[in-house]
Amino acid sequence: DALHGPGQLEGLAWILIELGEFDAAVEYLDRFLSYPTWFTPEWMELDPFYDPIREHPGFQQLLEKHRR
């Protein structure tokens with residue numbers, strides 16, 4: 001749903017990051033950032049939870065894509 005859906009996508013991405021499934025996590029984060037929320041790529045750069053995936057090329061491309 002429009003209210004809770006984006007947060008659930010982020011939650012799934014967090015689980016995938018913990019499991020080391022970075023490619024799948026990037027896919028969920030891409031969908032998550034496609035929704036209008038307060039959450040931004042700049043926030044993801046500061047949030048330490050994203051440290052394990054920070055150097056992943058797909059994550060970097062995702063941040064660039066959604067900064068525009």
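**A chat about the structure**

A: Happy to! Let's start with Arg 67, which is partly exposed because its relative accessible area is 31%. Keep in mind as we go that this is a predicted model.

Q: Which residues does Arg 67 form salt bridges with, say Glu 42 first: how far apart are the closest N and O atoms?
A: For Arg 67 and Glu 42, the closest N and O atoms are 3.8 Å apart. The pair links distant parts of the chain: Arg 67 sits in helix α4, Glu 42 in helix α3 (residues 41-46), and they are 25 residues apart.

Q: Nice. How many salt bridges turn up in the whole structure?
A: The search finds five. One of them is between the side chains of Asp 30 and Lys 65, at 3.0 Å from N to O. That pair also links distant parts of the chain, with Asp 30 in helix α2 (residues 22-34) and Lys 65 in helix α4 (residues 57-67), 35 residues apart.

Q: Let's zoom out. How many helices and strands are there?
A: The protein chain has four helices and zero strands. Reading from the N terminus, the elements go α-α-α-α. The radius of gyration is 11 Å, close to the 11 Å that the globule rule gives for 68 residues, so the chain is as compact as a globular protein of that length.

Q: What size of box do the C-alpha atoms fill?
A: Along the principal axes, the box is roughly 30 × 25 × 20 Å.

Q: What's going on inside? Which residues of the largest nonpolar core touch the most other members?
A: That core has 16 residues, and the ones touching the most other members are Leu 29, Met 44, Tyr 50, Ile 53, Phe 59 and Leu 62. Helices α1, α2 and α4 each supply at least two residues of this core. The largest share, five residues, comes from α2.

Q: Can we pick Phe 59? What does Phe 59 touch?
A: Leaving out residues up to four places away in sequence, Phe 59 touches Val 26, Leu 29, Met 44, Tyr 50, Ile 53 and Arg 54.

Q: And how much of the chain is buried?
A: Buried residues make up 37% of the 68 residues.

Q: Now the outside. Which residues form a nonpolar patch on the surface?
A: Leu 12, Ile 15 and Leu 19 do, with about 300 Å² of accessible area together. Leu 12 lies in helix α1 (residues 5-18). At 39% relative accessibility, Leu 12 is partly exposed.

Q: Last one: what is the accessible surface of the protein chain?
A: About 4500 Å², and 57% of that belongs to carbon and sulfur atoms.

Note on methods:
Residues are numbered from 1 along each chain as its sequence is written. This is a predicted model: local features need pLDDT of at least 70, side-chain atom pairs count only at pLDDT 80 or more; totals for chains, interfaces and linings use all residues. Side-chain values use heavy atoms; hydrogens and water are left out. A salt bridge is a side-chain nitrogen of Lys or Arg within 4 Å of a carboxyl oxygen of Asp or Glu. Buried means under 20% relative accessible area, exposed over 50%, partly exposed in between (1.4 Å probe, protein chains only). Patches are made of residues with over 30% relative accessible area and no salt bridge: like charges are joined within 9 Å, nonpolar side chains (Val, Leu, Ile, Met, Phe, Trp, Tyr) within 5 Å. Accessible areas come from the Shrake-Rupley method with a 1.4 Å probe; for residues, only the protein chains shown count as cover. A nonpolar core is a set of buried Ala, Val, Leu, Ile, Met, Phe, Trp, Tyr and Cys residues joined through side-chain atoms within 4.5 Å. Contact means heavy atoms within 4.5 Å. The radius of gyration is taken over C-alpha atoms; the globule rule is 2.2 Å times the number of residues to the power 0.38.
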